Amino acid sequence: MLTLAELEHLGPAKRFRGMDLARVPGQDAEVLIKVFPDAAALPESSRYQFRAEAERYGRLKHPNLVKLLAVDVDDEQGLYLILEQPRGRSLGRRVREGGP
C-alpha cells in the first residue's frame with residue numbers, strides 16, 4: 001500500500017488517498033484509507049466490535065456502497081479500513097447543490 005495524500009479529517013478518523021500496489025493490472029488501484037489513530041486507548045471490546053462491524057459491512061453488496069477491501073486493528077497504527085475510492089460527488093455536495 002502506498003499512501004499518496006492526506007485528506008480532510010472527519011470526526012476521529014484520518015483519511016488518506018492511496019494506491020493498492022497488489023491490485024490486478026487493469027483494475028483501479030486507487031483506494032481510500034481511513035485510520036482511527038487512538039486504538040491503543042480503546043478497550044479490547046471496542047476494538048473487537050470495530051472489526052466485527054467492519055467485517056459485516058464488508059459482506060454487503062450493493063452498487064451504491066463503497067467496497068471494503070481490508071480492515072485491521074494495529075496497536076501502533078490504530079484501527080484502519082481500506083475502501084475502494086468513491087467516484088462522483090459526495091452526498092453532502094449533492095445536497096448543497098440542491099439535488100435529490
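Tutor: Happy to. Start with Glu55 and Arg51: both belong to helix α1 (residues 44–58), four residues apart, about one turn of the helix. Keep in mind that this is a predicted model.

Student: What makes the contact between the side chains of Glu55 and Arg51 a salt bridge?

Tutor: The N to O separation for Glu55 and Arg51 is 3.2 Å. The rule asks for a side-chain nitrogen of Lys or Arg within 4 Å of a carboxyl oxygen of Asp or Glu, so the pair qualifies. As background, side chains of opposite charge can pair when their charged atoms come close.

Student: How do you know that Asp72 and Arg51 also meet in a salt bridge?

Tutor: Apply the rule again: N to O is 3.1 Å for Asp72 and Arg51, and the limit is 4 Å. This pair links distant parts of the chain, with Asp72 in strand β4 (residues 68–74) and Arg51 in helix α1, 21 residues apart.

Student: How many salt bridges does the rule give, and what is the network made of?

Tutor: The count comes to two. Arg51, Glu55 and Asp72 are the residues linked in the network.

Student: Why is Arg51 called partly exposed?

Tutor: Its relative accessible area is 31%. Buried needs under 20% and exposed needs over 50%, so Arg51, at 31%, falls in between. Glu55 at 37% is partly exposed too, and so is Asp72 at 26%.

Student: What about Lys14: which class does its relative accessible area give?

Tutor: Lys14 has 31%, and this makes it partly exposed.

Student: Why is strand β3 described as largely enclosed?

Tutor: Five of the seven residues of β3 (residues 30–36) are buried, so the rest of the structure largely encloses this strand.

Student: How do you know that β3 pairs with strand β2?

Tutor: Pairing requires at least two bridges. Six bridges join β2 (residues 14–19) to β3, so the strands pair, and they run antiparallel. One example is Phe16, whose bridge partner in β3 is Ile33.

Student: What makes β3 and β5 a pair as well?

Tutor: Between β3 and strand β5 (residues 78–84) there are six bridges, in the antiparallel sense. The requirement is at least two, so this is a pair. Ile33 takes part here too, with Ile82 as its bridge partner in β5.

Student: Where do these elements fall in the overall order along the sequence?

Tutor: The pattern reads β-β-β-α-β-β-α, and the chain has two helices and five strands.

Methods:
Residues numbered from 1 in each chain as written. Predicted model: local features only at pLDDT ≥ 70, side-chain atom pairs only at ≥ 80, totals over all residues. Heavy atoms only, no water. Buried < 20%, exposed > 50% of the residue type's maximum accessible area, 1.4 Å probe, protein only.
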